[in-house]
Every structure is written in C-alpha cells, then in structure tokens.
Amino acid sequence: MSAMLLNKQKWTEFTGILSGKKVLAPVACGDRFRYAVPAEGKAFSLDFDRPLVPPKSAVFPQTETLYRFQLGKTELAAPQPGEELILLGVRPCDARAIKLVEKLFRWDVDDPYYLRRRELTTVVGLACLEPGLNCFCPSLGGGPASTEGLDLLMVDLGDSYYLEPLTDKGRSLMDLASGLLEEAGEEGLQKKEEAVRRAEEKIRRTVDTDGVPEILPDLWEHPLWQKTAAGCLGCGTCTYLCPTCHCFDIQDEIEGFEARRCRMWDSCMFEEYTLHTSGHNPRPTRRERTRNRINHKYSYFVRKFNVIACVGCGRCVNYCPVNIDLIETLREVKEAQ
Amino acid sequence: MTEKPKLGVYICHCGINISATVDVEALTEYALTLPNVKVARHYSYMCSDPGQLLIKNDIKAEGLNRIVVASCSPRMHEPTFRKSIQAAGLNPYFLEMANIREQCSWVHEDRTEATIKAKKLVAAAVAKVRLLEPLEAREVEAERSALIIGAGIAGIQAALDIADAGFKVYLVEKSPSVGGRMAQLDKTFPTLDCSACILTPKMVDSANHPNIELITYAEVEEVKGYIGNFEIKVRKKARYVDFDKCTGCGDCASACRVANRFASEFDEGMGKRSAVYLPFPQAVPAKYTIDPKSCLYLTKGKCGKAPKCAEVCGAGAINFEQTDELVEFKAGAIIVATGFDVFDATGKPEYGYGQYPNVITGLEMERLVSASGPTGGKIKVFNGAEEIVPQEIAFIQCVGSRDKSVGVEYCSRVCCMYTAKQAHLIVDKLPEAKVRVYYMDVRAFGKGFEEFYDRVRREGVRYIRGNPSEIFKRGNKLVIKAEDTLTATPLEDEVDMVVLAVGLKPRSDYRTTMELLRLSQSPDQFFLEAHPKLRPVDTATDGIFLAGCCQGPKDIPDTVAQAKGAASSAMIPLAKGKVTIGAQVATVFEATCRGCGFCVSICPYSAIELVTVNRMGHMIEVARVNEALCKGCGSCSAGCLSDSIQPKSFRDRQILPQIAALGVLR
Amino acid sequence: MSQQFEPNIVAFLCNWCSYAGADLAGTSRVRYPANLQAIRVMCSGRVNPLYVMNALQQGADGVLISGCHPGDCHYMEGNFHARRRLGMLKELLEFVGVDPRRFHMSWVSASEGHKWKEVVEKTVEDARAAGPFEGFRRRRIDW
Amino acid sequence: MDLDKLRKTAAEVVSRDDVKYLIGWRPGSYGYRVAPGFVEEASAAETLIFSPLCTINLATYLTLTEKLPLPRGSAPDQRKVALMVKGCDSRAVLQLLVEKGIRRDQVLLIGCPCPGVVDTALLSLKYPETESPADLKWNGDHFLLRQDGQETAIPRLSVLAEKCRLCRYPNPVISDITLGEPVEAQLTAEDSAVAEVEAMELGARAAYWEEWFSRCLRCYACRNSCPLCYCRDCVLDRLNPTWVNRAVNFSENTAFHVARAFHLVGRCIECGECERVCPANIPLGRLNRKLAREVREQYGHEPGIDPDGKPFQAGFKPDDPEEFIL
C-alpha cells in the first residue's frame, strides 16, 4: 500500500477501527501531555504538545516485574507476555530513540522483556510540524518527519492526515482502515513535503556534533565538567525524560513473605547509580556523573553502536530546573577542542 | 551473624487457656509454612520444665538458631524463655514472643477469629525473629564515691550516711559555709527544739569526717559520664583568705574599712556584715571570706594605703592574689540537694513588702526571733523611721503558695506550721502582744502538727479565715483589709507588724543545675523525680538522685528522710562496684548520620552527644550513644530523619517486616 | 445476608502502659473484637510516624498507636514526642485523602484494661465504617 | 536593585581571602531561564543578576557539595561560601544553621530583599519564551519584560509565583551584607490553593492526589532541590529497611511524597522549589504549605526564623494539641 490520505472528518471512524485494541495516545494532563489509554468515552486526539515522558516507557516500562517468588522458597513465576499495543502520535524523534535503545537490548543477549514488547507494538508517528523552542533533531540526523523506528508516519495536512506506511505492521494497520482512506497521490506528497520543509525551517537551535565522539575522551579532566556540574541538583529529570536513556536497576521488593524481582529505570545522575557495596563510588561527585551522561550518549554509545544516543528532542533542556543546557555543553565541548 | 535463620516455633496451650479458643494444631501447621521455620510444635505448658526442655532439645538436635514462643505476654515470660534458650547455647535475644493468651485467647470468643489472629501474631513474630541480632548486656566498673551538691541539712545528712558506710563523699557547697536554710531557722516546729543546736553537730561532723571532702564556696562546673563513672569539675572560688592559715579570729572583719556596711545574706539583709566576713558565728568551716563585690581593694583596687584586714591578720591569711581553683574528680553517684529560695514577697505588691519596713517575711522573722540574729532575739521593727516593739501582729499565710495569680499552684507545706511556731514565739516573748493569723486553710498534717496548732490557738493566737486583699498605712498603723469568710464580715485590722508566710520556690539558679545535670522539672519547676510514687529520690538519669527541697517543698524530717533514701540509693552502685548496661540500647550508624542533633535534644537521658570525627580528612559531627545512659526507648530513632540511630531489637528493619506480616493476611 | 467487612488493624503499643493495659484486659477476660493485632514497642515515642503510612500501604485498614498518659511515660517524654509527630502525621494523611477514621491514637495506662477495650472497639468500628482501605495500598496496584 | 552595586559587592566578596567562591544568579541559556552562577574570580561577578526570574533557592547548594576523601595530611578548605539569598532562601540558611547542617563561619550571606519572583512556567505560558535570554525587572505593580528588543509591562499579580503571594519574609532574616532597601512585607493573602484542597470532600481529595501522585516520575528533583533535604543518604533511597519501594506507581509514589512532606514538617521554609522543579507539575507546595500552616497555627512554630530556636521535630511542649487522641 502506498501513501494515503485520511480526511479529518473520518477521524472518529478511524479511531473506531482501533477500538478493541490497546492504544496509547497523548492525553492532556494539566498542561502536560502523556501517553495513556484515553479515559472511557474520550476520543483519541492528535492535537497535542510534545508529551513529557517519552513513549519509550511503553516498551521499556519504568518498573517491570521480572518474576515473583516466596521468601524461603525457590520457585519463580515470570509474568505472561503482554498484549498487542498501538502507540499513537509518536514524535519522530522519540520513535528514533526506541530504535536506538533497541540496539542495546539486542546487544550481547537478546532481552526477552524489551523485545517481546517491541514486537507487540505498532508505532504510529506524527510529523512534528510545530517544533519546540529547544528542538534540535536535524543536528542528530533526524527531522520533523523522520521515519526511523516508525511503522506508520502521519502528517497533518490541515484538513486531512497523510499516512505513509513504513513496515508490515504499519501496512496492516492501514489495511484495517482502507475503506476510510484515499490515495494521497503526487499532490498529497507535495503538500506533505511542503509542510515538513516549513517545519524544518522553524527549528532554531542546532548542535554541531561533528567530531564530538572523538574529542570527548580527550576532555576527560577538562574544567568544563566541573562548571557544568556545579549547578546540577543530581535529580533524574534529564535522564528519565530522555527518550534514549535506558539504564536500569534490578531490585527485589518484598511484601510480607512474598517478593518480586523487578527492573526499574535508573539514572546516572543519582549518587547510588554506581555506588559499590564497599561504599566506594567510582563517580563520587556530580562532575563525574554529568560527564558520564554526555559521554554515554556522545561517545560510548557511538563506539559500541556507531550512532549518537541523542535524538535532539530537547526535553533535558526544557525541563532541567537549573538550566543545564545540553546544547551549551556540547558547544563548550567543541570549543574546548 | 551470617548464619541462615533456622526457626523453631513453639505454641503453648497454657492448659486450655489458649487451646480452648485458638486451634493450636492449625496454628502449628500454619507456622510450618512460614519462611525459615524448621520446627513448629505445640505443648500444654511451654513454660514448664518439660516445655522448656522441648525447646532446648530442638535447638541442639535441629540446629535451630531463632525461637518464637507463642504463649502468654512477653511481659510475663520473656525472661524465662531467654534464659532457657541461652542455656541451650543461643543468644538470649534470638527470641520473639507472640502474645496469644492475654491479647488473643482471653479476649476473643470465636475460635475461627482467634485462630486467624493468632496466625497473624505468629507470622509477625516470625518476620521479626529472622532479623534479630545477637546482643550482650555489659558490666562496667563503678567509682566508689559520691558527689553531693548542696550542704544544707539534706546534703549533710546524705554525706554523713554515705561516708559512714565507708565511701568517699565530695560535698560541694556554693556559699562559704555549710548549714543551708536550716541554719537560718530559730526553733523547729512542732517540737520547738533549737535548729542550730541539732544542726551544728552535723555540720561539724561533715567537715571532720575522714571520708568527706568538704568543698565550700565552690560550684560544680561540669558533669560528664554516667552512673558509676561521672567525671566532675568543681570551681573553688577565690576566698582571698588562705584557708589553711585562717584561724577564724575575726580581727579582719572588725578592722575592715567598710565594716558592717553590707547586708548579711544569712540574716536575710536584716543584719550587716563586713566585706570580709563569716556568714554566721557557727559557720563551718570557720574561715573568713572576702566578698569580691563589696571589698574596696577588690572593687576599686585600693583600700586606704593598704588593706586593713591584711594589716591586722596575725596569721597572714589575707591573700588578694588568690584565684579560682578547678578541682576534678570522679564519682559513681550524684545527689542533688540544692535546696530552695523563698517566694519574693514583692511579687504581691498589695501587701506592701519592701514599701513598709514593718511588713516582713517569715524567714526574716526567723532571724528576728533568733538569739543569734541581728536584734539578739528581740522582736522590734521600724515603723517608718521609728523603732517599735510591735503589739499588734498579723501573719498572712499562703503568700506565694496556692496562688495562680503569681504562678504558684502548689502548697509549700511548711508555712502553716512555721507561722504557728512563730506566733507561739511572739506570744512567748511579748505576752502582751495580740497575734492573729489570716489563713485559707490550715494544713497540720504531720506528726504532732495538729496538737501544736491547737496549743497555739489556746495560747490566744486568733485565726481568721480570709485572704487579705490589701495592706496600707493609716497614721502610724498598718491596715489589713480582709474579709472574715467564716462570718462574712469585711474588716480593717490595724496592726504594728505583718509577717508574710512566704512559700518555697525553686532556687533562682535552678536552671544552671538543670542544664548541668540535664534534670527535668515538674510543672511546679522543682526537679522531677523518676516516678512520683515508686522512685521519689531517683531522677531519669541513673546514678543521679534528689534530696530535700530541690525536689519540692518539705519540712526537716521529710528532707532528712529523703536524704537518707537518696544516700542508700546512691550507695547501690558504690557498694556493688559495678553497673550493668542494658543490651537493648540505641546505636548510631555514623556513615549516614548528619549530625543535626535532633536525637540529642530528644533523648531524656542525655545519653546521646555529638562528637567530631574525621571522615576522610573532613571533620564532621555525628551522634554517639553512651550505652550506659541509654534506656532503649527509641524516641531518638523515630525523630531521626536519616534513620541513623536505631534501638537494638526494635530497629526499623525489624519492625517494618512485622507490619508487613500483619498486613498481608488481611 | 451481607457479610460485614472486617477491618485489619495494626496497633503499636508501648511496653509499659498500653501493652500492659491490653494484657490486663486479657487477665480480666474483657471481650473485644479480634481485628486488631499489636506490635510491642518500648515507648510510643519509638513509633516512627511513617510506620502508619507503611501499614496502610501494606494492607492495614486502620492503625492505632497507644502510649502512656502525658506525664506518665516510663521514659518521661516519649509520649509527648509521639503526640507531636503523630498529630502532624494525622493532618498530613487527612490532607492527602486518607479517612481520619483509619488512624487513632490513645493514652491507655497499665490499669486501664477497660479503656483498652473501648479504644479497640472505637478503632475497629471507625475502620469498619471507613471500609476497606484501597487508597495507596500496595496490592491494589500491579504488584 | 542596583546591579552595579551587586556586581561590585560580589567582586569584593570573592576577592576576599576567606571566601572560596560565591553563588549567585546568572542569566540562563535561553528564554526566562536563570542559572546558578558560581563565581570564583572578581571578573566573573559581571555575569551576576538579580531579577524576578531568580527563583532558584541557592541555599540548596550549601549542602550539595560532595566531600571527597582528602589526601592524608591535607586540611579541608575552610574558606567561606558566599551566597546570595532572598528572604525565603535566607530562612533556609537559618534553618540549616539551627539543624547544624552548616556552620555560621562557613557562609557569607549577601541578602537581597525580594519583592517577589515570577512563576516562570506561568510566564512562559502567557508570554512565550524565545531562544534569546529575556530580561525581567520589578516596576511597582508590574514586571517589565524585555525580550528580543521589545518591552512589555506585565501586571505583577498575573505571573507572580504563588509562594510570593503568601510571603511573610521578603527580606533576608539573616545576612552579612544586605543589598538594596528592605521590601515591605505584604498583607498575607489566604492560601487559597491549600484551602481549595481542604474544601474538597475526602474522596475527592484522595482522587485529586491520586491523579497527581500517579504522574510522579520519582526523578527526585523535589527532594534534591530542597535546601532542607540534605541527608547524606536519604532513607527513601535505602533498601534495608525499605521504607518506599523504588517501583514507580501510585502506592510507592504516595509513600514517597507523604514521607518527604513529613520529614519537612516544621522545617519547610516555603520557598516552593519542590513545586517549581517538578517536571510533572505536581502541586507539592500545597502539601508543604498545609503542614507549615498547621505547625504555625497549632504549635506556634515557624522554622528558619529563630536562630536559637529548637528544631520542631526535636522537641515538644507539654501543652501541644491532643484533641485527636481518643
């Protein structure tokens, strides 16, 4: 199937086709949006601002039970595989991030939890026609309508959505709705490209990543880390909101005589992230932690997977309570060369 | 410590006390499903010898290392089972009891409900016992000496008792002489024996006793440590008179350039003394002291050409170069006998004290009637500028007692009787005088008190029930405005002298003592005893005891009785030479302690202090527990924001699983 | 017949007064509901207010803390500390929407076996009226 | 405030031998952001500002600095940290002193009387941010916004931070150097936000907080930004015992927030940082202000005011309220 158009008047019908499936879509939550199952009777809407928490949480939940057990016993019970899931309204940057993170979960061993969820999930993207103040995805090889990691891309053309299938999962979803769609044709394609081009022009902030992975190891003891870290509160905002951050911790939780082992997001900005049982901490201060965050994204990940683990979504810049600005830091890295 | 827990759960039938209501068999089966439970048994009387043997045998045969006994209250048999598991080689603190009798079978009827509850209680005990730690009670050596603060009758008596028992006593007195308030009194009620006559021999004994080191004109400056091991610093103030050289002849006092110019403290300001003085003729030690606040040489740096006292002193004892001296010693116990002050009658301005010289306090009256007093025992007062022998005399009781308007709610216990005594003495000395007593209630509760009160009334002293509202001057008479509440008659009574029966108050410097020893106060501001009924001489801090009026108003016999009680309590650690330190005490995890000192403020026993430690080159403060002082209440722990201080056996990590075990069975 | 909801109540009793009072209730064969299980602590001052939150999280429908009457504390001041801490906790829990009937505090002396019975009855009755605690109970959430 | 004077003072202060560095505010990288400025040299004092955008409570940084092991024989740097403080910030410092979190000789305080800062989120909602740093000034009952060469007068109350509407201590309660003139404390408005929650039915209140706490990410920004959450090892991070599971869900999140709020009882100085930094916009200020109000009204205690006061949680009064006791 080629690119199609969905008239916005048929949106309700389109969402009706999805009923019966588990769909996560952006839901307003105060003045923030988050991915959630819309409340009973509420329609899905694609009229939203960039959600606070990236949709990586759908495939890599913040807390995930690995198995359960009884104290004093040895039997384990692992949870059943989850259900099929449609992720609606995913920004291209976040979709790229899911694809990037997958590299980690496919590395040395295949992670059954992540990959199973990934397999069950259809990612429907929506091109980002109103980029935010701190968006810089083009600097990282993405763009307002980047398709990497998406099964289906949607572009808002005003009175209709442009639907571009990218994978079999995407195509089968479009097949379900084929009765509602019409060929996009050349005109549709042009309108789409025009919209995307306008969006690209709106992006203000840029990062020059050229050579950064190579420079970083040489800046190991550079004062810029101390300077960046001085104001850092050591909270997990930047990492928890980052679509590519994927560090996790595994903990046992006990209630009464029952327990579960679970995996939960961790953050390299926390002191106990690398705290050893002995009390020794190889990253004892915020300087080392701040340095790690940048290095992991812009150096270690590159060495291992040949791609920068940052998609330029701008969340860390938007939400840092003390204005630690990744873009500034990268500029300083370049300048320090 | 790292040994994996192996639990035994022992369920008692208590005859049928438990088994009639709780299904002990089902309970036993349930216990076996709980984590780490290796053995679970039920038996008719777990506390019996065969019952205990059952446990002991299992510990040996099955290698059990934690025991749960589900039976009666731990308040009943915890010591029993601790002993028995200890006999089997286990640490006695590896025991937890589930109270399925007092708090289960005896209070519930429904067998199903009671069994469910018993299961929860056993589950909670299992949850906790798995995480208990081995503990040990310790003994430390005790210093065989006592410190007594205050050498009034209470301090002297306690010192003599302890010294007679063969222990060293440090008796520290703030003023230049021992004797305290009792030395100021004339006669004592109700027997009328002379206060000085019965006191002075004891004063002399306290100075001469080989086991007593009397330190007068000195103040305790620092007390550290705990029962058995108090470390004490005392500041001996400079007397400017060489203690060893002074013969007590008194030449200096007569020669003093400002002789008899200063109000005598001993005579309540009614008599005068010199700058160099002996507080009173019978003072012990009979050594003169120069008051640095009144001495010309010490205040102005100059006294004529040369100080006269030094010139006349044949012994050459005057030494203006003398300085304060610090004495340090250790003591195993401390008795606080700091006494009292009397109520400041200017606090009741309506009575005109301080305004009219013929309105005086009861304590001033003592000095007035005393043969050794400023008037040689003659009762005379100034009425304006004129000295008179009063003929119309009124006493007003409860001045600064039982009076919320001045913040004193308590009864001072001695004023009724000292008023009766003083009334008697006046009648005795001035047979023509007319004496009346304004009172609220007369409290004559002690041995011989009521009889004495009766005698005084028969001697013609008139008791008028009514609280005077005002005293003012009319002509050369004082007028008391009052109402006789028995006849509901308002009256204006013209008199020559008024004696205010002032009540007893905590000493004005009580706060210093309180902070020094971290004592507590009762609402009346006197020092608080550990228990009002059963530990009336103890304080919250082990090894510190109270005697006399510092704990609350009392008369001489009560003071002496309490002093003797305090002495015998203080002698327990002294006689044993050892003190036992409880095992279930708080302990600090210094790595997480932030040194805020919340626990230090919270601890009622001053068992916690902040110490500076070197943490990788940084000097930081952390809390440290003195295990000898800690009672294991755990209040510190609940107030610690970083959970760094924890009472052993009641740690958060031991209690939280208990909560969880009770919750999951909902 | 509808089954009556039986609340699960966790109580923290000080060793010297309230636990002894509860023992006395037993010795006096006083009858009271079986919904409440006591955890013995040395002093009500030992009760970390967060125990209350933890108990609610772990399946309690109600929590009771009982200590000596003011002025009677075996450790002199522990109950005063407990009173201040738990008074503030009560404000906090109520503000976040926990039914105030789920949390009680009492003074029960070693001689008040009958008062103990009344306290238990009141606590159970209140928790029953408040119903099963779901709120932030752990098991309500995927656990 | 006179910025020249501020910068001159700052330059003098950092030039002192007994001062390690100064922490003040500097313009952020874009829009309405302001960042903490760490000034070690007099020349860098030029970057400092004080404006209605200076919301950050810098007192937090006093306890944030890690104490690394020192080489044997070397002494720790005993020089002072100079800190710029608004009224609320100074209360945090005072409370830290009362709790021995810091020592008086470790800090040099530059007091900045504060007519109230803005709610940056509200401001950017009403007047969108741009990528260039904006300038905001106090001007009577208005704020003057200068952004990309344009000047806008914004009615003060429309963007004033909630905590500032309720501020009772706009002037530093403790400082070594005070800049500018004292600000008059306004008549305290009723805390309508707290009252709104109080007025809810119990069930609605539970639902209200469930809605909010469910969104919590447990990023710990609230805790870390709080000047009075400075335990070396927070109990809520600890595993033995586990007070709060690390799992992120409504139950654990509630436990976390209840515990956090409780630990601040009688300690919170109402600077509002927890609420400001929360990426999920959870109204944590309401929680803290409610408790602060109860402590004030029921117990007559206000933290961060009395340098000789006893910490609220470390004491009691025999006549503390006890109406709630059966």
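Predicted model: local features only at pLDDT ≥ 70, side-chain atom pairs only at ≥ 80, totals over all residues.
Let me begin with chain C. Its secondary structure amounts to four helices and four strands, and along the sequence these follow the pattern β-α-β-α-β-α-β-α. As to overall dimensions, the C-alpha trace of chain C spans about 45 × 35 × 25 Å along its principal axes. If we take the contacts in chain C with a separation of 6 or more, 82% of them are between residues 24 or more positions apart.

How many of its residues are buried? The count is eight of eight, and α2(C) is accordingly described as mostly covered. The buried residues are C:Leu50, C:Tyr51, C:Val52, C:Met53, C:Asn54, C:Ala55, C:Leu56 and C:Gln57. After α2(C) comes C:Gly59, which has a positive phi, near 115°.

I turn now to the contact between chains C and B. Chain C contributes 37 residues and chain B contributes 41 residues. Which elements of chain C supply at least two residues each to the side that touches chain B? They are α1 (18-27), β2 (36-41), α2 (50-57) and α3 (78-95). The largest share of that side, seven residues, is from α1(C). By residue class, the side of chain C that touches chain B holds 19 nonpolar, eleven polar and seven charged residues.

Next, two helix pairs in chain B. In the first, helix α6 (residues 153-164) of chain B packs with helix α7 (residues 195-208) of chain B at an angle of about 55°, and their axes are 10 Å apart. Given that angle, α6(B) is oblique to α7(B). The crossing of α6(B) past α7(B) is left-handed. From α6(B), the contact involves B:Ile153, B:Ile156, B:Gln157, B:Ala159 and B:Leu160, while α7(B) provides B:Leu199, B:Lys202, B:Met203, B:Asp205 and B:Ser206. These residues comprise six nonpolar, two polar and two charged.

The second pair is helix α12 (residues 415-429) of chain B with helix α13 (residues 449-458) of chain B, packed at an angle of about 40° with axes 10 Å apart. Here too I can state the handedness: α12(B) and α13(B) cross in a left-handed manner.

A:Ala3 lies in the segment before β1 (4-7) of chain A. Is A:Ala3 buried or partly exposed? There are 18 other C-beta atoms within 10 Å, so A:Ala3 is partly exposed, since a buried residue would require 20 or more. Leaving aside residues up to four places away in sequence, A:Ala3 touches A:Tyr162, A:Leu163, A:Glu164, A:Ala184, A:Gly188 and A:Leu189. A:Thr239, for its part, is 236 residues from A:Ala3 in sequence and 36 Å from it in space, C-alpha to C-alpha.

Key
Residues numbered from 1 in each chain as written. Chains lettered and ligands numbered in written order. Contact = placed C-beta atoms within 7 Å. Nonpolar A, V, L, I, M, F, W, Y, C, P; charged D, E, K, R; others polar. Axes fitted to C-alpha atoms, helices over the stretch in contact; angles between N-to-C directions. Parallel < 35°, antiparallel > 145°, perpendicular 65-115°, else oblique. Left-handed = near helix turned anticlockwise from the far one by under 90°. Buried ≥ 20, exposed ≤ 12 C-beta atoms within 10 Å, placed from the backbone.
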